[in-house]
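Please look over the sequence and the structure before reading on.

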Amino acid sequence: MLFNSYIFLAFLPITWAVYFLFNHFNKFRIAQVTLIVASFVFYGYGNYRLCLLLAFSITVNYLLHLGMMRERSSDGFRRFFLILGILINLGLLFYFKYFDFTLQNLNRFFGTDFVMRNIALPLGISFYTFQQISFIVDSYQRKMEKYGFPDYSLFVSFFPQLIAGPIVLHQEIIPQFQNPEKRKVNYDNLLSGAEYFIMGFAKKVLLADSFARICDAGYENLSALNSLSAVCTILAFTLEIYFDFSGYCDMALGIGRFFNIYLPINFNSPYKALNISDFWKRWHMTLTRFLTTYIYIPLGGSRRGMVRTCVNVMIVFTLSGLWHGADWTFVLWGMLHGVAMVIYRVGKKVFDRLPAWFMWLCTFLFVNAAWVFFRADFFMQPWHLFGRVLNGGTGGIHPAMLAALCDNTIWKLTLERVVGSSALQYICQAVTALGVGLGVFICVKLPSAHELVEKRNRSTGWFVFLSILFVWSFTWLSQVSKFIYFNF
């Protein structure tokens with residue numbers, strides 16, 4: 001089920017009302033089970049088999065947790081359960097996400113003829129796998145008490161963060177569900193939740209999907225792009241993935257607030273970053289935290305000299321790329337970020353003395369270029385697009401890209417009768433260029449949703465603006481599209 005859909009806009013208030021109704025009559029366990037069931041309905045909407053896999057994963061990991069939390073469990077016994085848990089979780093992830101990728105590469109490099117299974121990737125498996133691995137590791141280290149099965153099930157399946165994060169830790173979420181004060185309707189949380197949700201809703205529906213149409217049109221006409229169109233294509237994806245993921249994160253925060261649950265911030269204006277290290281402290285922050293805590297630090301972190309640190313950084317970013325997708329373009333994207341991070345670490349003292357505007361520009365240009373590999377449909381496509389940037393020639397934005405943004409709009413249909421088709425083309429050129437420029441401005445200059453909501457500077461004009469934003473976004477729901485991170 002998508003946040004940006006009619007069915008979800010009906011599902012959310014019904015789930016909220018039932019949950020707090022049971023809590024009102026002190027039926028906490030029934031309310032909790034209701035929220036678990038609702039989360040499974042959300043997850044399995046359209047494909048109930050996903051629920052079977054999720055239920056199996058939750059049950060197995062919980063049994064491992066019980067085994068490691070037994071008072072009489074020896075270190076060797078707990079270590080065996082830890083290894084078993086990691087192997088089961090990574091085994092499921094490997095089978096569903098990387099099995100066909102492995103067979104494909106064996107066929108390519110060794111001349112074998114393994115038949116592809118065409119295994120469908122379960123939604124959110126990368127997220128809840130990492131979440132449960134962190135839980136298993138903490139169980140092994142006994143950084144928690146023994147949790148009940150309903151508490152653990154809700155921790156994993158809570159629908160606002162189930163499919164695309166944030167990757168939450170047990171100590172962040174389970175105590176909130178156990179807190180009696182969280183079981184009462186909190187109108188301030190409802191208000192802030194609505195603010196988060198509407199801003200995220202608008203980012204996805206109005207901005208991300210608009211830039212997606214421009215980007216897709218550019219890639220569909222790659223060979224015909226001039227330099228300006230190629231640059232706009234690159235920028236369009238940079239803005240698409242920004243508003244897509246930012247929108248999801250804002251909506252997740254907002255839905256969590258409806259239930260009095262404070263999810264961790266996962267996105268903090270990453271295009272404002274002055275260096276690549278700062279970028280990864282702002283983009284997908286809970287993934288960065290997981291990779292740092294459970295991979296980078298166990299590898300030795302930065303404690304064993306610069307060479308070992310650089311190797312560890314490259315390992316982490318390569319795995320980050322592979323986590324995002326089973327394709328060499330994702331691996332290369334991760335490695336590019338790893339190289340950038342190594343360069344920054346080695347020359348940190350020099351880079352930090354450079355003008356802030358120059359460091360921002362270098363970081364922003366690098367991130368744009370790296371996104372081309374992330375978006376690519378095949379390995380050579382990025383080089384083709386870069387070639388169009390350098391050798392595409394002059395001219396305006398490609399007509400297909402203009403049509404992606406301007407066609408079938410009321411203002412275009414109206415102006416066409418007034419100024420004529422020739423003048424209208426120039427207007428569409430200006431609107432598309434200004435649209436891309438406005439997108440960059442929003443990313444770089446405006447405050448994040450978190451900054452706006454937590455200031456609590458709520459005026460009548462602000463609520464009028466949010467109301468208009470919601471109605472405008474709602475009217476565009478006929479053009480529903482999936483969030484990019486649902487693919488991971």
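## Salt bridges

A salt bridge here is a side-chain nitrogen of Lys or Arg within 4 Å of a carboxyl oxygen of Asp or Glu. The model is predicted, and side-chain atom pairs count only at pLDDT 80 or more. The structure holds 12 salt bridges.

One of them joins Asp209 and Lys204, with the closest N and O atoms 3.1 Å apart. Asp209 is buried because its relative accessible area is 8%, under the 20% cut-off. Lys204 is likewise buried, with a relative accessible area of 1%.

Lys203 and Asp250 form a salt bridge through their side chains, at 2.6 Å from N to O. This pair links distant parts of the chain: Lys203 belongs to helix α9 (residues 187-220) and Asp250 to helix α10, 47 residues apart. Both Lys203 and Asp250 are buried.

A further salt bridge is made by the side chains of Arg257 and Glu454, at 3.0 Å from N to O. Arg257 lies in helix α10 and Glu454 in helix α21 (residues 449-455), so the pair ties together parts that are 197 residues apart in sequence. Arg257 counts as buried, at 7% relative accessibility, whereas Glu454 counts as partly exposed, at 28%. Salt bridges that share partners also join Lys204, Asp209 and Asp244 into one network.

In soluble globular proteins, nonpolar side chains tend to be buried together. In this model, the largest nonpolar core has 148 residues, and those with the most contacts inside it are Phe8, Phe259, Tyr271, Trp283 and Trp371. Helix α10 (residues 227-258) gives the most to this core, contributing 18 residues.

What does Tyr271 touch, leaving aside residues up to four places away in sequence? Its contacts include the aromatic residues Tyr242, Phe279, Trp283, Trp360, Phe364 and Trp371. Thr238, Ile241, Val367, Cys443 and Val444 are also among the residues that Tyr271 touches.

## Nonpolar surface patch

Is Met380 buried or exposed? Met380 counts as exposed because its relative accessibility is 52%, and the cut-off for exposed is over 50%. Met380 lies in the loop between α16 (356-375) and α17 (381-391).

Key:
Residues numbered from 1 in each chain as written. Predicted model: local features only at pLDDT ≥ 70, side-chain atom pairs only at ≥ 80, totals over all residues. Heavy atoms only, no water. Helix = DSSP H or I, 4+ residues; strand = E, 2+ residues; numbered from the N terminus. Buried < 20%, exposed > 50% of the residue type's maximum accessible area, 1.4 Å probe, protein only. Core = buried A, V, L, I, M, F, W, Y, C linked by side-chain atoms within 4.5 Å. Contact = heavy atoms within 4.5 Å.
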